[in-house]
Amino acid sequence: MQKKTILFSLVIILTLLILYLFSTGQKRLEEFTAQTLKEVALGKNGKGYFVNFQEFSIEWTNSRIEATGISIIPHVNQEKDNWVNGTVDTLSIEFSNLYLGALSKNITIEDFRIIHPNFQYFWKESPINQIKKKPNPIPKFDALRARLSKIGIHSISVLNTEINGYLVTNEYRHLHIFHTTQSFVIEGLKFNLDTLDHQSKVVDLDRFFFSSGPTFMKGYKDLYHYQFDTLLISNRRDFFKLGGVKLIPQYSDDVFFEIVGQQTDRFMAEIKILEGHGLAEKELFNQDRFHLEKIIIDSLEANIYRDKNYEEDTSAIKPLPHDILKQLDFQLAIDSIVLTNSQLTYQEKSKGAEQPGILPITHINGTISDINNEKENVVQVDLACKLSGKGNTNLHIDILLGEKEPYFMKAKGHLDPFPLTILNSFTHHNMGVLFQKGYVNSIDFDAQLNDSIGRGNLDFFYQDLKIKVTGKNDNKSSVVESIAGFAANNIVHRQNLENRKPRHAPLYYERVGYKSFVHYLVHTIMSGAQTSVLGIYGQLPDEEKKAYKRNQKAKKKKKS
């Protein structure tokens with residue numbers, strides 16, 4: 001009887017001990033979880049954010065944590081330049097074994113799910129003369145890093161996220177300048193929180209999918225407004241798809257240039273679809289290399305406008321294409337960029353003109369191949385387009401990234417026949433020149449550009465050329481303009497066909513460092529037009545002009 005009593009007492013004591021250890025262990029694990037969540041939100045110094053829950057439960061037997069009605073509020077007594085308010089409908093985390101994971105500091109999360117997070121991001125306007133790095137208002141994970149060495153996550157789902165950004169001005173106005181809705185899913189994610197080896201693979205995953213709905217971004221006092229309709233990103237071969245992209249100035253033309261205060265290009269652009277294909281999965285989180293097989297840009301409509309009534313900024317140095325690629329601090333490799341169904345409208349308002357000249361370039365299709373700054377290769381550009389919807393144009397460009405050649409670019413182009421009158425929308429308002437008659441039979445050119453000088457050759461064949469010199473703001477000619485027009489029509493060669501002279505013109509143009517690469521290329525090509533029309537060689541330096549004329553005379557004597 002005494003032995004049974006002792007045995008029964010031992011069973012009772014052991015049971016109580018197990019219950020005590022269980023409750024104590026559960027309490028400590030709950031304290032661990034609560035303290036970790038608190039430090040993630042607030043930081044170890046008690047600064048940052050308060051996190052409140054309507055309901056919070058930990059199911060240790062099921063290895064599950066769930067919270068609903070979550071609100072995130074910044075500390076009211078802490079002065080901040082940036083802060084976040086937020087709510088989350090539901091947070092659900094399922095673990096493989098929460099006990100062992102917490103004790104061993106090696107947690108595996110089976111499923112991490114957030115439903116409808118809604119955040120408002122605020123930041124204060126800084127004085128213009130104050131340069132200050134803005135702190136990141138997103139909570140840091142130092143507490144997790146200190147307690148856990150490894151985390152494996154089988155799946156993460158963040159659904160129906162809404163984010164709004166507000167700038168708080170010095171007058172305490174809240175300007176709504178950013179909005180987006182997003183969702184993403186990650187499966188098979190593994191990463192090391194305490195790794196110090198930057199060469200090792202810190203992040204690995206099986207599937208990544210991100211989607212974003214209508215999004216807009218307005219920079220306060222910035223010149224442009226950006227927006228898009230849809231964005232899809234995946235670690236599959238169809239890496240990303242961006243739809244309904246728009247780049248829009250936030251001000252009218254007059255206000256835009258008054259703000260800038262100098263000559264510049266004002267851009268407007270819309271892209272129907274922008275797609276990227278063929279990203280290697282191992283490079284998804286590689287910060288040192290980015291490689292895509294193909295980027296497709298469909299239905300780009302761009303407008304470039306320059307007002308020449310303002311002074312130019314001669315202190316700026318515009319980079320050239322090969323310099324831009326070489327200066328990147330990561331390896332960029334894009335096998336091809338394909339442009340389809342696109343058009344560009346260039347507008348230029350010259351000094352004294354009331355309206356800008358307009359030159360539309362339509363039906364643009366082309367390919368840029370082998371973009372790679374890792375090796376000394378040749379980037380090839382092939383473009384086909386129409387000048388003002390009529391003149392078929394083909395352009396081939398080689399950009400040489402090696403150091404062996406004396407130039408960085410070779411260009412070759414051809415223009416099919418078109419009437420010169422289609423250029424009046426540009427030449428009339430810019431130059432006060434109207435083409436009354438004239439037909440281009442063909443234009444062929446080749447050019448080579450180095451960092452300072454563009455050279456080449458131009459063959460410009462035309463017929464029945466007749467021009468009228470007017471003012472920039474009307475179609476009428478004054479007496480002086482009529483005399484100028486008469487002189488011009490008697491100086492120019494009205495015919496410039498294959499068996500007439502002059503037909504061939506050298507190209508020569510000295511690069512203006514503070515102007516764009518496009519300006520450099522176009523003016524190099526156009527530098528021979530004056531010689532083709534007037535029969536002079538004014539574009540060449542004096543010594544080269546004399547030598548060229550001597551060579552032309554020598555060739556003429558040989559033929560005679």
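Predicted model: local features only at pLDDT ≥ 70, side-chain atom pairs only at ≥ 80, totals over all residues.
Student: Which residue forms a salt bridge with Glu94, and how many residues apart are the two?

Tutor: Glu94 lies in strand S4 (residues 82-95), and its partner lies in strand S3 (residues 64-74). The closest N and O atoms of the pair are 2.7 Å apart. Glu66 is linked with both residues in a network of salt bridges. The partner is Arg64, and the separation is 30 residues.

Student: Is Arg266 buried or exposed?

Tutor: The side chain of Arg266 meets that of Asp253 in a salt bridge of 2.2 Å, N to O. Asp253 lies in helix H4 (residues 253-260) and Arg266 in strand S14 (residues 265-277), so the bridge ties together parts 13 residues apart in sequence. Asp253 is partly exposed, at a relative accessible area of 31%. For Arg266 the relative accessible area is 5%, and because buried means under 20%, Arg266 is buried.

Student: Which residue forms a salt bridge with Asp265?

Tutor: Asp265 lies in strand S14 and its partner in strand S15 (residues 289-307), so the pair ties together parts 41 residues apart in sequence. Both residues are buried. The closest N and O atoms are 2.9 Å apart, and the partner is Arg306.

Student: How far apart in space are Tyr346 and Ile304, C-alpha to C-alpha?

Tutor: Tyr346 lies in strand S16 (residues 331-349) and touches residues including Ile304, Arg306 and Phe426. A polar contact of 2.6 Å also joins the side chains of Tyr346 and Glu348. Although Tyr346 and Ile304 are 42 residues apart in sequence, their C-alpha separation is 4.9 Å.

Student: Which residue's backbone nitrogen does the side chain of Ser527 reach?

Tutor: Ser527 lies in the loop between helix H8 (517-526) and helix H9 (529-534). Ser527 is buried, with a relative accessible area of 10%, and it touches Leu507, Tyr508, Tyr509 and Gln539, not counting residues up to four places away in sequence. At 3.0 Å, the side chain of Ser527 reaches the backbone nitrogen of Tyr508.

Student: What accessible area do Val51, Phe53 and Phe56 have together?

Tutor: Val51 lies in strand S1 (residues 49-52) and is partly exposed, with a relative accessible area of 31%. With Phe53 and Phe56, Val51 forms a nonpolar patch on the surface, whose accessible area is about 210 Å².

Note on methods
Residues numbered from 1 in each chain as written. Heavy atoms only, no water. Helix = DSSP H or I, 4+ residues; strand = E, 2+ residues; numbered from the N terminus. Buried < 20%, exposed > 50% of the residue type's maximum accessible area, 1.4 Å probe, protein only. Polar contact = N/O pair within 3.5 Å; in protein donor to acceptor, adjacent residues only side chain to side chain. Contact = heavy atoms within 4.5 Å. Patch = residues over 30% accessible without salt bridge, like charges linked within 9 Å, V, L, I, M, F, W, Y side chains within 5 Å. Areas by Shrake-Rupley, 256 points an atom, 1.4 Å probe, with all protein chains shown as cover. Salt bridge = Lys/Arg side-chain N within 4 Å of Asp/Glu carboxyl O.
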